[in-house]
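Visitor: Could you walk me through this model and show me how to read its features?
Guide: Gladly! Let us look at it together.

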Amino acid sequence: MSDLVILGLPPSSYVRTARMICATKGVDYTLQPVDFRSEDYKARHHPFARMPALQHGDVRLYECLAIGIYVDEAFDGPALQPTDPVGRAKMMQWISVVNDYAYARIVGGCVSERFVKPMRGLAPDEAKIAAAVPGIAECLDVFEAAFADGAYLVGDLSLADLFLAPVLHYLAATPEGDRLLAEKPAIKKWMGRMAETPAYNEINKLGP
Ligand SMILES: N[C@@H](CCC(=O)N[C@@H](CS)C(=O)NCC(=O)O)C(=O)O
């Protein structure tokens, strides 16, 4: 049994990415639910009060990319990063695309409104969702073109695919995503390919 701990809540997209990375590597981990807004969590694990964080012996990390690189390089299992400079740079490019554009537009603009707000008893902001749709469509155009060129974002399955998977999984569960993705056969094929992996099923069973 590994003494690796992922701190975070199961619905979080980035926590799902961290868990998928562990599952794909075959690394055992414990998921520790956290009160991510608490002063204790901020002081001990994440000064910006986000999820996930990692603890492994004396190693404490926050930021999903740092966690992903650590798990990939510190443990045996399939390599999740290209080794050539161009492939590695492209993987980082795609992770930046997810972090800086796709996550904000898809999760911030649509998924949070459709799923998180209702959980808090609030109505989705339909105007905010409608305003987010063109930016989401732009992201999907870019991913569609990438998957038309290859089975994964860069060469073989990499960290980049595992950053994107939970975001698109959530998007597909919204009416907007269902409609937009219906016109994206290459993305859907990639999602089908991801769904065949144990890691993807692990996040799927957590729903939605
Ligand atoms: N840059 C961070 C982002 C992490 C992040 O935004 N996580 C979300 C959950 S998916 C979170 O903690 N949200 C809490 C909040 O916004 O208050 C990373 O890469 O780990």
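**Reading the model step by step**

Guide: This is a predicted model, and we can begin with its ligand, which is surrounded by S12, S13, Y14, F36, R50, M51, E63, C64 and L65.

Visitor: How do the residues of the shell around the ligand divide into nonpolar, polar and charged?

Guide: Five are nonpolar, two are polar and two are charged.

Visitor: Which helices each supply at least two residues of that shell?

Guide: Those are α1 (13–25) and α3 (64–74).

Visitor: Next, the loop between α2 and β3. Where is P52, and is the peptide bond from M51 to P52 cis or trans?

Guide: P52 sits in the loop between α2 (39–44) and β3 (53–56). The bond joining M51 to P52 is cis, its omega being near 0°. A49 lies in that loop between α2 and β3 too, and this residue has a positive phi of about 55° although it is not a glycine.

Visitor: Now the helices. How should I describe two that are packed together?

Guide: The general idea is to give the angle between the two axes and the distance between them. Take α5 (residues 126–149) and α8 (residues 185–195): they pack at an angle of about 70°, and their axes are 7 Å apart. Angles of 65 to 115 degrees count as roughly perpendicular, so α5 is roughly perpendicular to α8. Their crossing is left-handed.

Visitor: At what angle do α1 and α6 pack?

Guide: α1 and helix α6 (residues 159–172) pack at about 135°, with 9 Å between their axes. The two helices are therefore oblique to each other. Here the crossing is right-handed.

Visitor: And a single helix? How far apart are the end C-alpha atoms of α4?

Guide: Helix α4 (residues 85–119) has 35 residues, yet its end C-alpha atoms are only 44 Å apart. A straight helix would reach 51 Å at 1.5 Å a residue, so α4 falls short of that.

Visitor: Where is the kink in α4 centred?

Guide: Look at S112: the kink is centred there, and its angle is about 65°.

How values were computed. Residues are numbered from 1 along each chain as its sequence is written. This is a predicted model: local features need pLDDT of at least 70, side-chain atom pairs count only at pLDDT 80 or more; totals for chains, interfaces and linings use all residues. Helices (H or I, at least four residues) and strands (E, at least two) are DSSP runs, numbered from the N terminus. The bend at a residue is the angle between axes fitted to the seven residues ending there and the seven starting there. A residue is near a molecule or strand if its C-beta atom, placed from the backbone, lies within 6 Å of it. Ala, Val, Leu, Ile, Met, Phe, Trp, Tyr, Cys and Pro count as nonpolar, Asp, Glu, Lys and Arg as charged, and the others, Gly among them, as polar. Axes are lines fitted to C-alpha atoms, for helices over the stretch in contact, and angles run from 0 to 180 degrees between N-to-C directions. Angles under 35 degrees count as roughly parallel, over 145 as roughly antiparallel, 65 to 115 as roughly perpendicular and the rest as oblique. A crossing is left-handed if the near helix is turned anticlockwise from the far one by less than a right angle, and right-handed if clockwise.
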